[in-house]
Amino acid sequence: MLIRQIMDVFDVLDTSKVDGAAVKKYLLSVNPEADVEVYPITGPKGESTDMVKVRIPGAHGKANGGKAPTIGILGRLGGIGARPEMIGYVSDGDGATAALSVAAKLLDMQTKGDFLDGDVFVSTQICPHAPTAPHKPVPFMGSPVDMAQVNREEVTPELDAILICDTTKGNRVINTRGFAISNTVKQGWILKVSEDLLDVMQRTTGRLPYVFPLSMQDITPYGNDVYHLNSILQPCTATDAPCVGVAITAETMVPGCATGASHFEDVEEAARFMLEVAKAYGRGEVSFYDEKEFSRLKKLYGSMARLQTKGEE
């Protein structure tokens with residue numbers, strides 16, 4: 001379980017003064033040998049946010065000269081706070097909390113002698129003063145930086161598969177408390193849902209799995225003036241690696257800028273699921289997609305990579 005990590009990370013994030021340095025200090029307190037990188041990125045309007053990257057080497061991972069695959073766990077959000085409009089931690093911050101809790105758990109495991117087979121890369125951004133943006137049916141959290149900037153920082157060539165965790169409550173198409181996963185998305189293709197991931201989800205939650213619907217619009221880049229459920233699948237526009245969204249959900253529509261709307265058990269379940277996927281993926285026990293079928297699709301229908309661009313006017 002990640003109960004302690006969720007509580008500790010939330011305590012670090014729930015302040016108007018939090019920054020990347022505070023997160024790094026916490027992670028180093030868990031494991032002094034942790035590889036934590038923190039730096040600011042500045043948006044087009046001069047506002048900035050702190051990127052946090054944690055690289056956790058596996059026993060047989062690439063960092064140690066091995067061949068085990070590398071998984072990325074991305075905490076996707078606009079901000080952990082919407083000050084001064086809203087006071088306190090907002091629902092949109094749950095993706096960061098979940099991802100950083102996984103990092104803390106893995107670092108703690110290593111101090112106790114437990115190492116995953118493959119490397120794990122965890123990344124998110126820390127912004128306690130993010131803007132809000134008009135959106136129907138509920139307002140979106142905005143961001144001080146462009147989505148493409150975050151993609152460039154979070155999505156690296158070393159990643160063989162990516163889980164993207166994001167609060168996804170401001171809609172009418174997901175109507176359950178907890179979390180839901182998406183189809184696998186790769187190079188502009190919305191592929192079948194991974195049976196392996198459904199197995200892990202059932203095992204960790206003790207319930208039947210939930211899958212949320214994707215449209216073609218959702219896997220295209222922001223800024224093309226078409227509908228997006230939210231930003232959960234935006235990293236798929238910047239990588240060839242298979243991507244799966246891990247959406248923290250609610251039965252009702254909840255704005256990302258709402259305070260008091262985070263549920264401990266939902267965030268912990270999503271984090272625990274991602275941790276278990278990371279364990280199995282490094283051992284080669286989990287596949288995000290069927291490689292033979294993907295090759296067959298490309299042979300029959302060609303490339304869909306144009307959906308990773310903003311297209312042509």
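Buried here means under 20% relative accessible area, exposed over 50%, and partly exposed anything in between, with a 1.4 Å probe run over protein chains only. The model is a predicted one, so local features need pLDDT of at least 70 and side-chain atom pairs count only at pLDDT 80 or more, while totals for chains, interfaces and linings use all residues. Residues are numbered from 1 along each chain as its sequence is written, and side-chain values use heavy atoms, with hydrogens and water left out.

Cysteines come up first. With a disulfide taken as a pair of cysteine sulfur atoms within 2.5 Å, a search of the whole structure turns up 0 of them.

Next comes the pocket. Rolling a probe the size of a water molecule over the atoms shows where empty space is left. The grid has 1 Å spacing and covers the protein atoms alone; a pocket is an open set of points with protein on both sides within 12 Å along at least five of seven lines, a cavity is a set where a 1.4 Å probe fits but cannot get out, and lining residues have an atom within 4 Å of a point. Points are joined across faces, edges and corners, and a volume is the space filled by probe spheres set on them. On these terms the largest pocket comes out at about 750 Å³. Its lining runs to 39 residues, and Met141, Gly142, Ser143, Met147 and Tyr222 are the closest to its centre. Secondary structure follows DSSP runs, numbered from the N terminus: helices are H or I of at least four residues, and strands are E of at least two. Strand E6 (140–141), helix H4 and strand E7 (161–167) are the elements that give two or more residues to the lining, and H4 supplies the largest share, 4 residues. Sorted by type, the lining splits into 16 nonpolar, 15 polar and 8 charged residues. In that count Ala, Val, Leu, Ile, Met, Phe, Trp, Tyr, Cys and Pro are nonpolar, Asp, Glu, Lys and Arg are charged, and the others, Gly among them, are polar.

Helix H4 spans residues 147–154, and its buried residues are Met147, Gln149, Val150, Asn151 and Glu154. Contact means heavy atoms within 4.5 Å. The cover over those buried residues includes strands E1 (35–42), E2 (48–56), E3 (71–75) and E4 (120–126).

As for the nonpolar packing, a core is a set of buried Ala, Val, Leu, Ile, Met, Phe, Trp, Tyr and Cys residues joined through side-chain atoms within 4.5 Å. The largest one holds 59 residues, with Phe273 and Phe288 making the most contacts inside it. Leaving out residues up to four places away in sequence, Phe288 touches a list of partners including Ile71, Leu163, Leu197, Val244 and Tyr281. Apart from that core lies another, of 24 residues, among them Leu74, Leu233, Ala247 and Phe294.

Leu233 sits in the loop between H5 and E11 and counts as buried, at 0% relative accessibility. Among the residues it touches, beyond four places away in sequence, are Ile164, Phe212, Leu214 and Cys243. The loop between helix H5 (195–205) and strand E11 (243–249) also holds Asp225, which counts as exposed at 76% relative accessibility.

Most residues other than glycine have a negative phi, and most peptide bonds are trans. Asp225, however, has a positive phi, near 60°, and Gln187 has one near 50°. Gln187 is in the loop between strand E9 (185–186) and strand E10 (189–190). The peptide bond from Arg83 to Pro84 is cis, with omega near 5°, and Pro84 belongs to the loop between E3 and helix H3 (94–111). Gly93 is in the loop between E3 and H3 too, buried at a relative accessible area of 0%, and it touches Leu77, Gly79, Ile80 and Thr167, not counting residues up to four places away in sequence.
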